[in-house]
Amino acid sequence: MTANILDGKAVAAKQRQKSAVRAAEFKAKFGRAPGLAVVKVGEDPASAVYVRNKRKACEECGIESFAHDLPATTSREALLSLIKMLNADDRVDGILLQLPLPKGLDSTEIMDTIDPAKDVDGFHPTNTGLLAQKRPGLRPCTPWGVIKLAEEYQLDLVGLRACVVGASNIVGRPMALELLLARSTVTVCHTGTKDLKAEVQRADLVVAAVGKAAYIPGDWIRDGAIVMDVGINRGADGKLCGDVEFAGASQRAAWITPVPGGVGPMTIAMLLSNTVDAALVREQRARAK
Ligand code: NAP
């Protein structure tokens, strides 16, 4: 079998176009564009690239982006006070805190301070809790992007034996919750998992979010499985690659995401979508008062 490619770049472009239309309708109705504050602390080069891409994506979509670039020496108090100021700013519908933060700043404390109604990353415990209770609010962008990608290709996830490899707060755990919501039967693997190979081998759907280049050998993938590779790694050849060994896996899977061009573009697309959603909910709530 040679796998069909799940083209995240094309699906993300379609999603972004939808968000652009919704952002324009929002502006026509409420007299302002949806607004996203992007907060970057320090000089991490990868973060600088991500932040630049997110701001550019906002501009292209008709979302106003508010840039807050702070030095690595920023104190806890100064960062908390900026977040509180953004929480209170009516032009700001979404707040994105680029991670990782410099040493000495507690990202959990800072993220918990973001108003859940403006938490367009979907990382706040309130939004995670809502997802866990089957009543999603703002959903974590990467896992939601995986679900949207599957939806776009009309892949039926109901009843699939899904194996999520990775259990982080930002990818693996919310991914498991999304798949539960989609009515898959979910197993979550992590460094405590005793026999990862056996778990992957019996999965109809593998979502890989380990953060290790080609860590999952292609011959672990079951014939006809769906492979969603969240990992973004630099391989030994210097090129970007995922957590799954692509060449081998694509001989067995029915569907597979490439890296780059798979899940990655979906993450930014869902961030834009969340920002427009947050703006609409905030305006509706303001009018209901
Ligand atoms: P993370 O916080 O480092 O979490 C990695 C997870 O993998 C942990 O739960 C860890 O288990 C598990 N793990 C590590 N080694 C393992 C092993 N040998 N066997 C089984 N499980 C293992 O990483 P993350 O933030 O979730 O990101 C994962 C990957 O996705 C990275 O490559 C990152 O760059 C990428 N990413 C991509 C996007 C996108 O838009 N495509 C977005 C976010 C992240 P423990 O919990 O036991 O430590």
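Helices (H or I, at least four residues) and strands (E, at least two) are DSSP runs, numbered from the N terminus. The close-up views below show a predicted model, in which local features need pLDDT of at least 70 and side-chain atom pairs count only at pLDDT 80 or more, while totals for chains, interfaces and linings use all residues. Residues are numbered from 1 along each chain as its sequence is written, and side-chain values use heavy atoms, with hydrogens and water left out.

**View 1. Gln154 in the loop between H6 and strand E5.** The loop that holds Gln154 lies between H6 and strand E5 (161-165). Phi of Gln154 is near 55 degrees, a positive value in a residue other than glycine. Most residues other than glycine have a negative phi, and most peptide bonds are trans.

View 2. Leu99 and Pro100 are joined by a cis peptide bond, with omega near 0 degrees. Pro100 belongs to the loop between strand E4 (94-97) and helix H4 (107-113). The peptide bond from Val259 to Pro260 is also cis, with omega about 0 degrees. Pro260 is found in the loop between strand E11 (255-256) and helix H10 (263-288).

**View 3. Crossing of H1 with H6.** The axes of helix H1 (residues 8-30) and helix H6 (residues 141-152) come within 10 Å and cross at roughly 95 degrees. Axes are lines fitted to C-alpha atoms, for helices over the stretch in contact, and angles run from 0 to 180 degrees between N-to-C directions. H1 and H6 are therefore roughly perpendicular to each other (angles under 35 degrees count as roughly parallel, over 145 as roughly antiparallel, 65 to 115 as roughly perpendicular and the rest as oblique). In contact, meaning heavy atoms within 4.5 Å, are Gly8, Val11, Lys14 and Gln15 of H1 and Lys148, Leu149 and Glu152 of H6. The residues of this contact of H1 with H6 comprise two nonpolar, two polar and three charged. Here Ala, Val, Leu, Ile, Met, Phe, Trp, Tyr, Cys and Pro count as nonpolar, Asp, Glu, Lys and Arg as charged, and the others, Gly among them, as polar.

**View 4. Crossing of H1 with H2.** The axes of H1 and helix H2 (residues 45-61) come within 8 Å and cross at roughly 55 degrees, which makes H1 oblique to H2. Arg16, Ser19, Ala20 and Ala23 in H1 meet Ala57, Glu60 and Cys61 in H2. Four nonpolar, one polar and two charged residues make up the contact of H1 with H2.

**View 5. Packing of H5 with H7.** The axes of helix H5 (residues 125-132) and helix H7 (residues 172-181) come within 9 Å and cross at roughly 30 degrees; H5 and H7 are therefore roughly parallel to each other. From H5, Thr128, Leu131 and Ala132 meet Pro174, Leu177, Glu178 and Leu181 in H7. The contact of H5 with H7 consists of five nonpolar residues, one polar and one charged.

**View 6. Side chains at the ligand.** An oxygen atom of the ligand is 2.5 Å from an N or O atom in the side chain of Ser168. For Lys212, an N or O atom of the side chain is 3.0 Å from a nitrogen atom of the ligand.

Note on methods:
A polar contact is a pair of N or O atoms within 3.5 Å; within protein, one must be able to donate a hydrogen and the other to accept it, and residues adjacent in sequence count only if both atoms are side-chain atoms.
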